[in-house]
2 protein chains.
Amino acid sequence: MEPISSIQNARIKAWRKLFKKRERDRSGLFLVEGVHLVEEALKAPVNVKVIVLVEGKDIPEQWKVKNTEIVYVTERVLQELSETETPQGMIAVCEQPELKNIVFDQGKYVLLDNIQDPGNLGSILRTAEAAGIQGVIFGEGCADPYNGKVVRATQGALFHISVQRMDLSEAVDLCKENNIPVFGTSLSGSTYSAIAPQDSFALILGNEGAGVHHDLLHKADQNLYIPIYGQSESLNVSVAAGILIYHLRGD
Amino acid sequence: MEPISSIQNARIKAWRKLFKKRERDRSGLFLVEGVHLVEEALKAPVNVKVIVLVEGKDIPEQWKVKNTEIVYVTERVLQELSETETPQGMIAVCEQPELKNIVFDQGKYVLLDNIQDPGNLGSILRTAEAAGIQGVIFGEGCADPYNGKVVRATQGALFHISVQRMDLSEAVDLCKENNIPVFGTSLSGSTYSAIAPQDSFALILGNEGAGVHHDLLHKADQNLYIPIYGQSESLNVSVAAGILIYHLRGD
């Protein structure tokens with residue numbers, strides 16, 4: 001079959017619209033770019049509807065793609081569907097997994113308050129999944145978890161962790177009702193390492209510039225602080241997330 | 001004085017060349033973008049040669065710019081000198097601080113092996129400075145510390161930490177001669193949290209895909225591992241750096 005060679009092709013135009021959050025929300029679809037990420041999506045409980053391949057490229061034999069449509073396109077068309085310089089000749093159109101209603105049982109949770117940088121968000125999701133966190137709550141102001149940069153920065157972890165959009169004040173209330181200790185992060189909190197690891201916790205991480213909203217800090221059981229020994233004012237939020245999540249979960 | 005309005009202006013063309021490593025190496029200059037970073041450079045032992053301002057903008061009164069030339073340009077020219085979408089109307093041309101010969105005395109050091117992503121590198125420098133690390137060694141394959149993305153990701157920490165380019169095998173030898181314990185990072189190492197905090201250490205961090213080179217792992221006194229409880233294969237290197245640096249330094 002001839003590869004699609006026109007960027008005016010109706011399907012190509014429809015998929016390109018998935019760069020925009022509004023269209024992702026409307027359609028329930030999102031794009032996954034690159035061989036490694038598409039493979040991760042296929043292995044996960046994610047419905048991979050279409051794999052778009054550059055002409056001449058093949059699907060690796062061991063991949064299970066029985067229910068996935070394969071569409072060939074020219075190099076130029078593939079580039080149109082890509083947000084990176086090296087899309088590796090492969091892009092998938094996937095269904096957004098239904099956002100689960102995360103149950104706040106005894107477990108470990110991360111609450112994200114207005115975290116706007118997609119790279120930071122993706123990195124936090126990757127760390128949370130690696131640390132065995134049960135669920136990540138996206139509060140108001142956060143970037144979309146299905147934003148291409150977020151997806152790429154998770155390195156596939158997005159497909160393996162429960163994510164929910166929710167009002168954070170409500171999420172904190174649910175944690176408290178279920179006896180889950182809630183930790184905020186603040187420059188005027190307790191040194192984190194003075195807190196023992198916890199079987200169950202909720203950790204609130206805040207905006208890159210403004211930190212966690214003061215109403216949430218006020219509601220938290222305790223606010224944690226990572227000491228700074230140099231002249232920097234703070235750490236990158238995804239680095240702070242790693243230090244705190246791994247400290248609180250213990251071994 | 002009239003602002004420079006032509007992107008063909010010789011000085012503008014010369015400064016634009018500083019986007020390239022070759023020209024930064026040749027001239028010993030680099031660009032710093034945005035109000036916060038320029039302020040940090042002025043406060044640090046960095047020679048800020050020129051501040052380029054968009055017409056109509058002023059230098060904040062409290063800044064010490066006695067030895068700094070101020071050049072006004074049009075919006076379009078400023079945009080030409082910028083690598084970001086929001087350069088905030090201010091870009092500085094700075095001299096690269098002379099790379100110090102880091103002395104491997106008792107102290108805390110971070111060794112970077114082939115870390116290529118400028119965002120990761122900048123974030124690691126920010127964390128290292130915040131944690132009070134004495135020096136960061138850039139081994140072969142690392143991005144240039146004066147790359148614009150690195151500078152921005154450090155949030156100014158680059159101006160406050162000693163950085164040196166050096167063969168890492170040689171750096172490890174120097175550490176050993178000075179009784180500084182050397183820790184590699186590897187998926188088959190010891191769980192990091194089993195190691196007590198250290199008054200003095202050198203931590204080797206490796207390439208985003210390939211990790212630390214096996215020759216260096218072999219030379220290290222011990223290799224550390226961050227346990228993964230989910231399905232991710234690894235953590236982002238700047239997140240791993242944060243967890244390990246803060247664990248090893250202790251409180």
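Predicted model: local features only at pLDDT ≥ 70, side-chain atom pairs only at ≥ 80, totals over all residues.
Local features here need pLDDT of at least 70, side-chain atom pairs count only at pLDDT 80 or more, and totals for chains, interfaces and linings use all residues. Residues are numbered from 1 along each chain as its sequence is written, chains are lettered from A and ligands numbered from 1 in the order in which they are written, and side-chain values use heavy atoms, with hydrogens and water left out.

**View 1. Helices H5 and H9 of chain A pack at an angle of about 15 degrees.** H5(A) covers residues 118–130, and helices are DSSP runs (H or I, at least four residues) numbered from the N terminus, as are strands (E, at least two). The two axes lie 9 Å apart, which makes H5(A) roughly parallel to H9(A) (angles under 35 degrees count as such; axes are lines fitted to C-alpha atoms over the stretch in contact, and angles run from 0 to 180 degrees between N-to-C directions). Contact (heavy atoms within 4.5 Å) involves Ile124(A) and Thr127(A) of H5(A) and Ala241(A) and Ile245(A) of H9(A), among others.

**View 2. In chain B, H5 (residues 118–130) and H9 (residues 237–249) come within 9 Å, axis to axis.** They cross at roughly 15 degrees, and that makes H5(B) roughly parallel to H9(B). Look for Asn120(B) and Ser123(B) among the H5(B) residues that meet H9(B), whose partners include Gly242(B) and Tyr246(B). The contact residues divide into seven nonpolar, five polar and no charged (Ala, Val, Leu, Ile, Met, Phe, Trp, Tyr, Cys and Pro are nonpolar, Asp, Glu, Lys and Arg charged, and the others, Gly among them, polar).

**View 3. The second largest pocket holds about 300 Å³ of space.** A pocket is an open set of points on a 1 Å grid over the protein atoms alone, with protein on both sides within 12 Å along at least five of seven lines; lining residues have an atom within 4 Å of a point. Grid points are joined across faces, edges and corners, and a volume is the space filled by probe spheres set on the points. Of the 17 lining residues, Tyr192(A), Tyr246(A), His247(A), Tyr192(B) and His247(B) are the closest to the centre. H9(A) supplies the largest share of the lining, four residues.

**View 4. The largest cavity contains about 90 Å³ of space.** In a cavity, a 1.4 Å probe fits but cannot get out. Strand E1(A) gives the most to this lining, with four residues. Phe30(A), Glu33(A) and Arg152(A) are among the lining residues, which comprise six nonpolar, two polar and four charged.

Notes: Parallel < 35°, antiparallel > 145°, perpendicular 65-115°, else oblique.
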